Amino acid sequence: MANSYDAIVLGAGAMGSAAAYYLAKAGQRVLLLEQFEFNHQKGSSYGLSRIIRYAYDYPQYVKLAKAVYPMWSELEEEAGEKLYTRTGGIDFGAADETSLNKIITTLTDTNVPFEVMSPDEAMKHFPQFHISSNMKVVYQADTGILPASKCVLAHLRLAEKHGAVLKSNTPIHSVTAHPDSVEVKTADETYTASKMVITAGSWAKSILASIDLNLPLTPCRCQEMYFETDHASEYEIGRFPAFIGHLPSEYKFSPYGMASNQGSGLKVAWHGGTLFNHPSEIDYTTSQSEIDAALEFGNKYLPDMTGLRAARVCLYTMTPDEHWVIDKHPEYKHIVFAGGCSGHAFKFSTIIGKILSDLAITGETPHDISLFKASRFQ
């Protein structure tokens with residue numbers, strides 16, 4: 001049948017593009033359906049820069065990071081383009097800040113090299129920052145930048161090279177799960193497959209609910225911002241590290257940022273935002289109050305920050321504990337999904353795609369995904 005496939009992937013963002021790539025590379029006949037244009041700006045996977053890092057407070061993430069760094073290198077080789085750029089990265093906060101000290105413990109326990117710096121030492125290395133005397137800084141040299149859109153488009157291009165059929169601007173009208181197959185209806189076609197991968201970002205909740213799986217996946221409106229700086233050359237890749245501020249007593253959400261990339265300006269944003277029931281409720285107009293808050297942060301910690309260059313709204317999809325969901329449907333084992341990535345999964349997107357491909361084809365993965373089981377919400 002012309003509309004019959006081995007696997008259908010719903011959503012062509014970071015996870016879906018990677019899943020389609022690995023499925024097709026494994027010899028599966030793959031159909032990838034995306035409701036918007038490829039590389040659209042309405043979700044979570046668009047843009048010039050995302051942080052890739054080992055610095056986590058859970059060992060499961062560090063173990064996945066150890067596996068994903070070489071996978072990005074392999075993808076670069078096949079794609080014939082550079083994706084990962086090493087910049088180094090710092091986490092900073094009060095010397096007794098719990099989240100900062102958990103990172104130190106986890107990096108120590110997982111044998112990842114790092115350095116703890118005093119504020120004076122850190123500012124000697126990175127004079128762009130002003131760091132208070134009661135703080136400490138954790139530096140990890142392998143932290144870097146991934147160009148989000150470029151990574152997604154590389155996965156898509158290579159998926160198509162391996163035989164996947166890619167369809168953009170194709171919203172789905174319904175998903176029907178059968179004991180050993182799935183059926184997807186769009187406005188003018190019906191597609192069937194023996195396997196399905198759901199990677200629909202903030203739209204995943206309603207798709208999963210339609211096949212009797214209700215998960216607490218909540219769309220979150222976030223805003224990324226790019227700023228002008230005095231001494232602009234000091235904020236380019238090679239001079240300026242990625243950073244995360246562990247400052248819960250000062251800010252509701254953690255500030256983070258990274259070097260100017262391809263003329264973007266210094267990126268500074270907040271890890272979090274306002275929650276909504278459905279992405280259709282979200283206003284994509286940028287918020288001046290968030291810009292002002294970022295400038296206030298810059299005035300204290302990055303004094304060279306000046307005016308705004310650009311800003312845009314993007315989405316997180318949050319879980320209550322901010323850990324992802326990667327699992328098989330409890331009743332329909334041939335349906336697998338990833339979601340609720342809570343704003344910190346892009347760096348892992350290529351390995352999540354491989355995990356989803358393995359789960360769909362064999363039902364198993366060699367990676368520890370116990371932290372991400374959907375059953376923790378039941």
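Q: Which residues is L247 in contact with, leaving aside its neighbours within four places in sequence?
A: In this predicted model, L247 is in contact with F92, G93, M135, P255, F297 and Y301, once neighbours within four places in sequence are set aside.

Q: OK, let us move to G43. Which loop holds G43?
A: G43 is placed in the loop between β2 (30-33) and β3 (50-52).

Q: Does G43 count as buried or exposed?
A: G43 counts as buried, with a relative accessibility of 8%.

Q: What does G43 touch, not counting residues up to four places away in sequence?
A: With those residues not counted, G43 touches W203, C314 and L315.

Q: How do G43 and R221 compare, in sequence and in space?
A: G43 and R221 are 178 residues apart in sequence, and their C-alpha atoms are 9.8 Å apart in space.

Q: Where is I282, then?
A: I282 lies in the loop between β17 (274-275) and α7 (288-301). The residue is buried, with a relative accessible area of 8%.

Q: Another loop: where is I131?
A: I131 is found in the loop between α4 (119-125) and β7 (135-140).

Q: What is I131 in contact with, leaving aside its neighbours within four places?
A: I131 is in contact with P119, A122, M123 and V137 when those neighbours are left aside. I131 is buried as well, and its relative accessible area is 3%.

Q: What separates the C-alpha atoms of I131 and A154?
A: They are separated by 38 Å, although I131 and A154 are 23 residues apart along the chain.

Q: Is N111 buried or exposed?
A: N111 is exposed, with a relative accessible area of 66%.

Q: And what is phi at E322?
A: E322 has a positive phi of about 65°, and E322 is not a glycine. Its place is in the loop between β18 (305-318) and β19 (325-328). E322 counts as partly exposed, at 35% relative accessibility.

Q: Let us talk helices. At what angle do α2 and α8 pack?
A: Helix α2 (residues 59-79) and helix α8 (residues 349-362) pack at an angle of about 95°, and their axes are 8 Å apart. The two helices are therefore roughly perpendicular to each other.

Q: Which residues make that contact?
A: On the α2 side, L64, A67, V68, M71, W72 and L75 take part, and on the α8 side, S349, T350, I351, K354 and I355. By class, the contact has eight nonpolar, two polar and one charged residues.

Q: How many helices and strands does the chain have?
A: The chain has eight helices and 20 strands.

Q: And how does the radius of gyration look for 378 residues?
A: A compact globule of 378 residues would have a radius of gyration near 21 Å, and the chain has 21 Å, so the two agree. Along its principal axes, the C-alpha trace spans about 65 × 45 × 45 Å.

Q: What share of the chain is buried?
A: Of the 378 residues, 57% count as buried. The accessible surface of the chain comes to about 15,300 Å², with 49% of that area belonging to carbon and sulfur atoms.

Q: Last one: among contacts between residues at least 6 apart in sequence, what share joins residues at least 24 apart?
A: Among those contacts in the chain, 75% join residues at least 24 apart.

Technical notes. Residues numbered from 1 in each chain as written. Predicted model: local features only at pLDDT ≥ 70, side-chain atom pairs only at ≥ 80, totals over all residues. Heavy atoms only, no water. Axes fitted to C-alpha atoms, helices over the stretch in contact; angles between N-to-C directions. Helix = DSSP H or I, 4+ residues; strand = E, 2+ residues; numbered from the N terminus. Parallel < 35°, antiparallel > 145°, perpendicular 65-115°, else oblique. Contact = heavy atoms within 4.5 Å. Nonpolar A, V, L, I, M, F, W, Y, C, P; charged D, E, K, R; others polar. Rg over C-alpha atoms; globule rule 2.2 N^0.38 Å. Buried < 20%, exposed > 50% of the residue type's maximum accessible area, 1.4 Å probe, protein only. Areas by Shrake-Rupley, 256 points an atom, 1.4 Å probe, with all protein chains shown as cover.
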